[in-house]
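Visitor: I am new to this structure and would like a close look at a single part of it. Please show me the model before we start.

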Amino acid sequence: FIVYYLFLGIHKFFLKKNMSRYLSASILLILTLVIIIVPIFFGAKMIFTQISSGASSFTFNQDLSAIDSMFPQANISGFLTEKISEISSFISTSLMKLAGNMAGFVVNLVIFFFSLFYLFVDGQRLGETLKNYIPFNKEHTQIIIDEFKSVTNSTVFATGLIGFLQGVFIGIGFFIFGIPNPVLWGFVAMILAILPVVGISFVWIPAVLFKLFISVNIPVAIGLAIWGLVITNIDYVLLRPWIQNKMGKIHPLTTLVGIFIGLPVFGILGLIIGPLLLSYMILITKMYIEEFLIE
């Protein structure tokens, strides 16, 4: 339903050009596959490949020699090497589990595309039918529909756009300052940007500390810190207030609680679906109180 809503404007445009509903639906399915499924697939593959290869080949002999010389009894290199080996084994096990779940993923994907196709073909008629079953008067029904649009815009468009821009800028910064795997960390920053409390600071601050204490490259560490602070503050000072003011506002607490609810149920998609469902529940509860409990 979320994907259907996001592409509904394009679908209406095609219909105005006298294109048949079936042809429009087919074109939009291909667009969905290219725009959504393909980047997610290759992004996940890139993350697992780079982390796995990096974890198996990473050594601390040179990077941590200075720290080992200062704290010889701590054996920091040995400790971190052991932890990296454990992480590598965990990633390998996760990849095997992911391959085992591929059949279920394919089935869900087929159901998703069939459902999306028939939503594009009969979605307008289905929407008019569902309005008759919403247990509110016409005024509140229209308010719910309008608020649903606002909440969806704010969550999907605003959060997605902000995350995309921050991920791109973090990746560019890492590339400029010589941080390994800038594409990978840009992708990770893109995901963390969705979290209202965590954010991209969990990506660029460790990179600054690495350059400062391990590589001992103070100018690069300072430059990277300035870059990270600028990108972080552009989000909170400029991007997020402007976009959410245009598309509708969702309280950060709603986003955070929705994420904690959505992740165990929907997995990584819970980052988006969780806040949406919680916002919808709050909205419906508000409409119910106004119509049936307040005289």
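Visitor: Take the residues Tyr4 and Phe120: are they buried or exposed? Please start there and go on to what surrounds that part.

Guide: Keep in mind that this is a predicted model. Tyr4 is buried, and Phe120 is buried as well.

A search of the whole structure finds five aromatic pairs, and Tyr4 with Phe120 is one of them. A pair of aromatic rings is described by the distance of the centres and the angle of the planes. For Tyr4 and Phe120 the centres are 5.4 Å apart and the planes stand at 55 degrees, which makes the pair tilted. Edge-to-face would need an angle over 60 degrees.

Phe112 counts as partly exposed, at 27% relative accessibility. Phe113, with a relative accessible area of 15%, is buried. There is also a cluster, in which ring pairs link Tyr22, Phe117 and Tyr118.

Now to the charged side chains. The count of salt bridges comes to two. In one of them, the side chains of Asp122 and Arg21 meet at 3.5 Å, N to O. Asp122 lies in helix H6, residues 102-131, while Arg21 lies in helix H3, residues 21-57, so this pair ties together parts that are 101 residues apart in sequence. Asp122 is partly exposed, with a relative accessible area of 24%. Arg21 is partly exposed too, at 39% relative accessibility.

Asp122 also forms a salt bridge with Arg125, where the closest N and O atoms are 3.7 Å apart. Here both residues lie in helix H6, three residues apart, about one turn of the helix. An α-helix has 3.6 residues a turn, so residues three or four places apart point the same way. Arg125 counts as exposed, at 57% relative accessibility. Together, Arg21, Asp122 and Arg125 are linked in a network of salt bridges.

H12 covers residues 270-293, and its 24 residues should span 34 Å at 1.5 Å a residue; the end C-alpha atoms are 32 Å apart, which agrees.

Lys211 is found in helix H9, residues 201-214, and counts as buried, at 11% relative accessibility. Leaving aside its neighbours within four places in sequence, Lys211 is in contact with residues including Phe177, Ile179, Val216 and Val220.

Key
Residues are numbered from 1 along each chain as its sequence is written. This is a predicted model: local features need pLDDT of at least 70, side-chain atom pairs count only at pLDDT 80 or more; totals for chains, interfaces and linings use all residues. Side-chain values use heavy atoms; hydrogens and water are left out. A salt bridge is a side-chain nitrogen of Lys or Arg within 4 Å of a carboxyl oxygen of Asp or Glu. Helices (H or I, at least four residues) and strands (E, at least two) are DSSP runs, numbered from the N terminus. Buried means under 20% relative accessible area, exposed over 50%, partly exposed in between (1.4 Å probe, protein chains only). Contact means heavy atoms within 4.5 Å. The expected span of a helix is 1.5 Å times one less than its number of residues. Rings of Phe, Tyr and Trp (its six-membered ring) pair if their centres lie within 6.5 Å; planes under 30 degrees apart count as stacked, over 60 as edge-to-face and the rest as tilted.
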